[in-house]
Amino acid sequence: MRISFDLDNTLIPYNNEFPVEKRNFLGRLLGVEKLRKGSIELIKELQEKGHSVHVYTTSYRSKLSIRKSFAFYGIRLKSVVNEKLNRSTLGELNINLSKYPPAFNFDLHIDDAPGLQLESNKFNFQVLIISPNNPNWTDSILKVIQEKANK
């Protein structure tokens, strides 16, 4: 399964919404962003199970800086879609949505924005909304992915 994750308030905190993975001095020096606690283990487990993991964000961060942050934690992303690529691709397809995972062949997108659930219902794509204050967020994701794999 091709799984994409949002960044802000899903895997990367705005402020202190959730606990984060540890960064050492070098990570801070290099500007590596803090990842939500459990992200590393979750993503590695998904990859070990044969899923490809992607980032799909409406952030204007460069693809390189996103890849750098994840690489610091030992995670190799299959692809990164930032807002620049998102806007150009959706514009070419004449799609006026904030995100449209099928445009990038993502089977499931994981995000924190409840409004995206409305778009997914209307435009028939799979999204899982994870609250920043859900302490069992990794279990919720694994359960949904397992259910989809069993169908």
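Arginine 87 and glutamate 83 both lie in helix α4, 4 residues apart, which is about one turn of the helix; helices (H or I, at least four residues) and strands (E, at least two) are DSSP runs, numbered from the N terminus. The two side chains form a salt bridge in which the closest N and O atoms are 2.9 Å apart, the term being used for a side-chain nitrogen of Lys or Arg within 4 Å of a carboxyl oxygen of Asp or Glu. Arginine 87 counts as partly exposed because its relative accessibility is 31%, whereas glutamate 83, with a relative accessible area of 8%, is buried.

## Basis of the model

This is a predicted model, in which local features need pLDDT of at least 70 and side-chain atom pairs count only at pLDDT 80 or more, while totals for chains, interfaces and linings use all residues. Residues are numbered from 1 along each chain as its sequence is written, and side-chain values use heavy atoms, with hydrogens and water left out.

By the salt-bridge rule the count comes to 6. One of these joins lysine 99 to aspartate 6, with the closest N and O atoms 2.9 Å apart. This pair links distant parts of the chain, since lysine 99 is in the loop between α4 (83-92) and β4 and aspartate 6 is in the loop between β1 (2-5) and α1 (25-29), 93 residues apart. Lysine 99 also forms a salt bridge with aspartate 111, where the closest N and O atoms are 2.6 Å apart; here the partner is in strand β4, 12 residues from lysine 99. Through shared partners, salt bridges join Asp6, Lys99 and Asp111 into one network.

In general, side chains of opposite charge can pair when their charged atoms come close.

## Histidine 109 in strand β4

Histidine 109 belongs to strand β4 (residues 108-111) and counts as buried because its relative accessibility is 0%. Not counting residues up to four places away in sequence, histidine 109 touches Ser4, Phe5, Asp6, Tyr56, Lys99, Pro101, Leu116, Gln126, Val127 and Leu128, where contact means heavy atoms within 4.5 Å.

## Nonpolar cores

The largest nonpolar core has 27 residues, and those with the most contacts inside it are Phe5, Phe70, Ile75, Leu77, Ile110 and Ile141. Such a core is a set of buried Ala, Val, Leu, Ile, Met, Phe, Trp, Tyr and Cys residues joined through side-chain atoms within 4.5 Å. The elements that give two or more residues to this core are β1, α2 (39-48), β2 (52-56), α3 (63-72), β4 and α6 (137-149). A second, separate core of 10 residues includes Leu90, Leu97, Phe104 and Phe106.

Leaving aside neighbours within four places in sequence, phenylalanine 5 is in contact with residues including Leu42, Val55, His109, Ile110 and Ile141.

## Two asparagines with positive phi

Asparagine 94, in the loop between α4 and β4, has a positive phi near 60 degrees and is exposed, with a relative accessible area of 72%. Asparagine 124, in the loop between α5 (114-123) and β5 (127-129), likewise has a positive phi near 60 degrees and is exposed, with a relative accessible area of 67%. Most residues other than glycine have a negative phi.

Key
Buried means under 20% relative accessible area, exposed over 50%, partly exposed in between (1.4 Å probe, protein chains only).
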